[in-house]
Amino acid sequence: MDSNGSVNEKCENRLYIGNLDLRITEAALIKMFSPFGTIVSEDFLWHTRGPKRGEPRGYAFIQYSTKEEAQLAKEKMHGRLACGRPLVVRLASEKYFAETLERPPKAAGPASRGSISSSSSSLGQGSSRSAKIAAIKSKLKVLEEESSNSKKQRPS
């Protein structure tokens, strides 16, 4: 935090959204939270290493233009079901303080840093996402064809 308190002010406008189902996309998240105010920034976090590379981490951050908008979104969205899971919505500062109170601080070595990135800095996400969508569409088409073929072959 600087002497002007701007980091503190930013945290009052910034929400932590957790317990996100992996099927929820950035666009869906923005659509869910935009009715409560002007979204200034959004950080949808992805795995950048390991077997889950390219998959969502299950949480995100949204920053509103005012703390009143952030507070309204928190009140309306906390506990609301999205894809069958209750959303956890807190002010980002509450999330940070709750975590530091619950467990002792860890050493911030290279292994604990850099394992996440926001979508805005992940340039390779678009092409792999469209490839996954194409693969899912083709699989659905095959499943539909198999389903219709099995219905035709069964005697009535």
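1. A residue is called buried when its relative accessible area is under 20%, exposed when it is over 50%, and partly exposed in between, using a 1.4 Å probe and protein chains only. This is a predicted model, in which local features need pLDDT of at least 70 and side-chain atom pairs count only at pLDDT 80 or more, while totals for chains, interfaces and linings use all residues. Residues are numbered from 1 along each chain as its sequence is written, and side-chain values use heavy atoms, with hydrogens and water left out.

2. In helix α3, which spans residues 67-77 (helices being DSSP runs of H or I with at least four residues, and strands runs of E with at least two, numbered from the N terminus), the buried residues are E69, A70, A73, K74 and M77. They lie on the same side of α3 because they cover an arc of only 135 degrees around the axis, the arc being that of the directions from the helix axis to the C-beta atoms. The face turned away from this buried side carries the exposed residues E68 and E75, and α3 is followed by G79, which has a positive phi near 85 degrees.

3. D21 sits in the loop between β1 (14-18) and α2, and D21 is buried, with a relative accessible area of 12%. Leaving aside neighbours within four places in sequence, D21 is in contact (heavy atoms within 4.5 Å) with A82, C83 and R85.
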